[in-house]
Amino acid sequence: MKIKSFSSVVPLIFTITGYLLGGSFVVYLFYKLNTFEEKVMFLVMVSTYILWSAWEVRITLSELKKEDEKKDKSTLELAGIIKNFMLVGALAASSSIHAVSWCVGYGLICLGIILRAASIKAIGSAYSHRIRELVGKPITTGPYKIIRHPSYMGTLIIHTGLVVVLFNTFSLIGLILWYLNAIYRIRVEEKQLFKNKYYAAYAKSTVYRLIPVIW
(Lines give C-alpha, C1' and ligand atoms only; values in the text may rest on other atoms or scores of the structure.)
Protein backbone atom coordinates (compact mmCIF):
# COMPACT_ATOMS: atom_id res chain seq x y z
CA MET A 1 0.00 0.00 0.00
CA LYS A 2 1.48 3.34 -1.07
CA ILE A 3 1.14 6.05 1.56
CA LYS A 4 0.42 9.45 0.02
CA SER A 5 1.62 11.65 2.90
CA PHE A 6 2.50 11.57 6.59
CA SER A 7 -0.71 13.40 7.49
CA SER A 8 -2.69 10.52 6.00
CA VAL A 9 -1.11 8.25 8.64
CA VAL A 10 -2.14 10.48 11.55
CA PRO A 11 -5.65 8.97 12.02
CA LEU A 12 -4.08 5.49 12.12
CA ILE A 13 -1.54 6.67 14.72
CA PHE A 14 -4.32 7.99 16.94
CA THR A 15 -6.29 4.75 16.47
CA ILE A 16 -3.33 2.58 17.49
CA THR A 17 -2.53 4.88 20.42
CA GLY A 18 -6.15 4.67 21.53
CA TYR A 19 -6.12 0.88 21.41
CA LEU A 20 -2.88 0.67 23.41
CA LEU A 21 -3.89 3.20 26.06
CA GLY A 22 -7.50 2.06 26.19
CA GLY A 23 -6.56 -1.61 26.36
CA SER A 24 -4.30 -1.03 29.35
CA PHE A 25 -6.95 0.89 31.27
CA VAL A 26 -9.70 -1.57 30.30
CA VAL A 27 -7.74 -4.28 32.13
CA TYR A 28 -7.12 -1.89 35.03
CA LEU A 29 -10.81 -1.03 35.47
CA PHE A 30 -11.96 -4.62 34.95
CA TYR A 31 -9.99 -5.77 37.97
CA LYS A 32 -11.01 -2.67 39.90
CA LEU A 33 -14.74 -3.41 39.61
CA ASN A 34 -16.10 -5.21 42.64
CA THR A 35 -19.01 -7.36 41.45
CA PHE A 36 -19.48 -9.97 38.75
CA GLU A 37 -22.46 -8.02 37.37
CA GLU A 38 -20.34 -4.88 36.97
CA LYS A 39 -17.66 -6.82 35.14
CA VAL A 40 -20.22 -8.35 32.74
CA MET A 41 -21.80 -4.96 31.97
CA PHE A 42 -18.36 -3.46 31.44
CA LEU A 43 -17.23 -6.24 29.08
CA VAL A 44 -20.43 -6.01 27.01
CA MET A 45 -19.98 -2.26 26.60
CA VAL A 46 -16.26 -2.50 25.80
CA SER A 47 -16.80 -5.33 23.31
CA THR A 48 -19.45 -3.32 21.48
CA TYR A 49 -17.22 -0.24 21.36
CA ILE A 50 -14.24 -2.25 20.08
CA LEU A 51 -16.31 -3.96 17.37
CA TRP A 52 -17.56 -0.57 16.17
CA SER A 53 -14.11 1.03 16.16
CA ALA A 54 -12.64 -2.02 14.40
CA TRP A 55 -15.30 -1.64 11.69
CA GLU A 56 -14.22 1.97 11.19
CA VAL A 57 -10.53 1.03 10.88
CA ARG A 58 -11.17 0.19 7.22
CA ILE A 59 -11.94 3.88 6.63
CA THR A 60 -8.77 4.87 8.47
CA LEU A 61 -6.74 2.51 6.29
CA SER A 62 -8.35 3.82 3.11
CA GLU A 63 -7.09 7.30 4.05
CA LEU A 64 -3.52 6.08 3.55
CA LYS A 65 -4.11 5.95 -0.20
CA LYS A 66 -5.59 9.44 -0.44
CA GLU A 67 -3.96 12.84 -0.66
CA ASP A 68 -4.50 15.11 2.34
CA GLU A 69 -6.32 18.13 0.95
CA LYS A 70 -5.35 20.08 4.10
CA LYS A 71 -8.83 21.44 4.74
CA ASP A 72 -9.22 20.13 8.31
CA LYS A 73 -7.41 22.96 10.11
CA SER A 74 -6.10 20.31 12.54
CA THR A 75 -9.63 19.47 13.76
CA LEU A 76 -9.10 15.76 13.07
CA GLU A 77 -5.86 15.69 15.04
CA LEU A 78 -7.52 17.61 17.87
CA ALA A 79 -10.40 15.13 17.84
CA GLY A 80 -7.92 12.26 18.22
CA ILE A 81 -6.26 13.89 21.22
CA ILE A 82 -9.59 14.70 22.89
CA LYS A 83 -10.97 11.23 22.24
CA ASN A 84 -7.97 9.50 23.81
CA PHE A 85 -8.11 11.88 26.80
CA MET A 86 -11.82 11.14 27.25
CA LEU A 87 -11.36 7.36 27.02
CA VAL A 88 -8.40 7.26 29.41
CA GLY A 89 -10.21 9.59 31.84
CA ALA A 90 -13.37 7.49 31.71
CA LEU A 91 -11.48 4.25 32.37
CA ALA A 92 -8.81 5.44 34.80
CA ALA A 93 -10.95 7.57 37.11
CA SER A 94 -14.02 5.28 37.37
CA SER A 95 -14.46 2.63 40.03
CA SER A 96 -18.02 1.32 39.67
CA ILE A 97 -20.85 0.80 37.18
CA HIS A 98 -24.51 1.20 38.09
CA ALA A 99 -27.20 -0.80 36.32
CA VAL A 100 -29.45 2.18 35.49
CA SER A 101 -26.65 4.32 34.07
CA TRP A 102 -25.36 1.31 32.14
CA CYS A 103 -28.76 0.67 30.53
CA VAL A 104 -29.09 4.32 29.49
CA GLY A 105 -25.49 4.64 28.37
CA TYR A 106 -25.33 1.35 26.50
CA GLY A 107 -28.59 2.19 24.75
CA LEU A 108 -27.05 5.48 23.59
CA ILE A 109 -23.91 3.69 22.39
CA CYS A 110 -25.99 1.29 20.28
CA LEU A 111 -28.16 4.12 18.93
CA GLY A 112 -25.07 6.14 18.01
CA ILE A 113 -23.46 3.20 16.23
CA ILE A 114 -26.63 2.60 14.19
CA LEU A 115 -26.84 6.28 13.20
CA ARG A 116 -23.15 6.54 12.31
CA ALA A 117 -23.17 3.28 10.34
CA ALA A 118 -26.25 4.39 8.39
CA SER A 119 -24.59 7.74 7.65
CA ILE A 120 -21.37 6.14 6.40
CA LYS A 121 -23.32 3.60 4.34
CA ALA A 122 -25.34 6.39 2.69
CA ILE A 123 -22.15 8.08 1.46
CA GLY A 124 -20.41 4.84 0.52
CA SER A 125 -16.79 4.69 -0.61
CA ALA A 126 -16.61 8.50 -0.79
CA TYR A 127 -16.83 8.75 3.00
CA SER A 128 -13.67 10.12 4.60
CA HIS A 129 -12.48 11.06 8.06
CA ARG A 130 -10.81 14.05 6.42
CA ILE A 131 -12.60 17.16 5.19
CA ARG A 132 -12.52 16.94 1.40
CA GLU A 133 -13.96 18.73 -1.58
CA LEU A 134 -17.55 17.74 -2.33
CA VAL A 135 -17.81 16.50 -5.90
CA GLY A 136 -21.30 16.39 -7.39
CA LYS A 137 -24.52 16.57 -5.41
CA PRO A 138 -24.60 16.00 -1.63
CA ILE A 139 -26.27 12.90 -0.22
CA THR A 140 -29.86 13.69 0.77
CA THR A 141 -31.14 10.23 1.67
CA GLY A 142 -31.26 8.30 4.93
CA PRO A 143 -30.25 10.30 8.02
CA TYR A 144 -29.06 13.13 5.73
CA LYS A 145 -32.74 13.99 5.19
CA ILE A 146 -32.96 15.05 8.82
CA ILE A 147 -29.60 16.64 9.66
CA ARG A 148 -26.60 17.58 7.53
CA HIS A 149 -23.94 15.88 9.68
CA PRO A 150 -25.44 12.67 11.08
CA SER A 151 -22.08 10.86 11.23
CA TYR A 152 -20.85 13.46 13.73
CA MET A 153 -24.07 13.13 15.69
CA GLY A 154 -23.56 9.37 15.76
CA THR A 155 -20.12 9.54 17.34
CA LEU A 156 -21.30 12.22 19.79
CA ILE A 157 -24.13 9.93 20.93
CA ILE A 158 -21.75 6.97 21.24
CA HIS A 159 -19.36 8.85 23.50
CA THR A 160 -22.17 10.45 25.48
CA GLY A 161 -23.33 6.93 26.27
CA LEU A 162 -19.84 5.90 27.29
CA VAL A 163 -19.54 8.86 29.65
CA VAL A 164 -22.97 8.14 31.14
CA VAL A 165 -21.69 4.67 32.10
CA LEU A 166 -18.21 5.81 33.20
CA PHE A 167 -19.05 9.24 34.56
CA ASN A 168 -16.37 11.27 36.30
CA THR A 169 -14.85 14.75 36.08
CA PHE A 170 -12.26 13.77 33.45
CA SER A 171 -14.67 11.94 31.17
CA LEU A 172 -17.15 14.85 31.40
CA ILE A 173 -14.46 17.39 30.48
CA GLY A 174 -13.43 15.18 27.57
CA LEU A 175 -17.03 14.92 26.37
CA ILE A 176 -17.56 18.69 26.51
CA LEU A 177 -14.36 19.22 24.50
CA TRP A 178 -15.53 16.50 22.08
CA TYR A 179 -18.77 18.42 21.43
CA LEU A 180 -16.99 21.76 21.07
CA ASN A 181 -14.51 20.33 18.58
CA ALA A 182 -17.34 18.72 16.58
CA ILE A 183 -19.12 22.08 16.34
CA TYR A 184 -15.91 23.83 15.27
CA ARG A 185 -15.14 21.07 12.76
CA ILE A 186 -18.62 21.31 11.22
CA ARG A 187 -18.14 25.06 10.75
CA VAL A 188 -14.77 24.43 9.07
CA GLU A 189 -16.26 21.69 6.88
CA GLU A 190 -19.27 23.71 5.83
CA LYS A 191 -17.06 26.55 4.58
CA GLN A 192 -15.70 23.97 2.16
CA LEU A 193 -19.05 22.36 1.39
CA PHE A 194 -20.74 25.65 0.49
CA LYS A 195 -18.26 26.01 -2.36
CA ASN A 196 -20.25 23.25 -4.04
CA LYS A 197 -23.09 24.75 -6.11
CA TYR A 198 -25.59 22.13 -4.93
CA TYR A 199 -24.91 22.36 -1.20
CA ALA A 200 -26.68 25.68 -0.55
CA ALA A 201 -29.96 24.24 -1.83
CA TYR A 202 -29.48 21.16 0.34
CA ALA A 203 -28.78 23.37 3.38
CA LYS A 204 -32.05 25.23 2.77
CA SER A 205 -34.08 22.02 2.65
CA THR A 206 -32.21 20.34 5.52
CA VAL A 207 -31.93 23.22 7.95
CA TYR A 208 -30.30 21.60 10.97
CA ARG A 209 -26.62 20.71 11.02
CA LEU A 210 -26.36 18.44 14.03
CA ILE A 211 -29.32 18.43 16.40
CA PRO A 212 -32.89 18.77 15.06
CA VAL A 213 -34.71 21.93 16.23
CA ILE A 214 -31.57 23.19 18.05
CA TRP A 215 -28.71 23.60 15.54
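Student: Where is Leu21 found?
Tutor: Leu21 is in helix H1, residues 10–32. Helices here are DSSP runs of H or I, at least four residues, numbered from the N terminus. The model is predicted, so local features need pLDDT of at least 70, side-chain atom pairs count only at pLDDT 80 or more, and totals for chains, interfaces and linings use all residues. Residues are numbered from 1 along each chain as its sequence is written, and side-chain values use heavy atoms, without hydrogens and water.
Student: Is Leu21 exposed, partly exposed or buried, and why?
Tutor: Leu21 counts as partly exposed because its relative accessibility is 37%. Buried means under 20% relative accessible area, exposed over 50%, partly exposed in between, with a 1.4 Å probe and protein chains only.
Student: Switching to packing. At what angle do H2 and H5 pack?
Tutor: About 160°, with the axes of H2 (residues 36–62) and H5 (residues 150–165) 12 Å apart. That angle makes H2 roughly antiparallel to H5, a label for angles over 145 degrees. Axes are lines fitted to C-alpha atoms over the stretch in contact, and angles run from 0 to 180 degrees between N-to-C directions.
Student: Which residues make the contact?
Tutor: Met45, Tyr49 and Trp52 from H2, and Thr155, Ile158, His159, Leu162 and Val165 from H5. Contact means heavy atoms within 4.5 Å.
Student: How many residues of H5 are buried?
Tutor: 15 of its 16, so H5 is mostly covered.

Technical notes
Helix = DSSP H or I, 4+ residues; strand = E, 2+ residues; numbered from the N terminus. Parallel < 35°, antiparallel > 145°, perpendicular 65-115°, else oblique.
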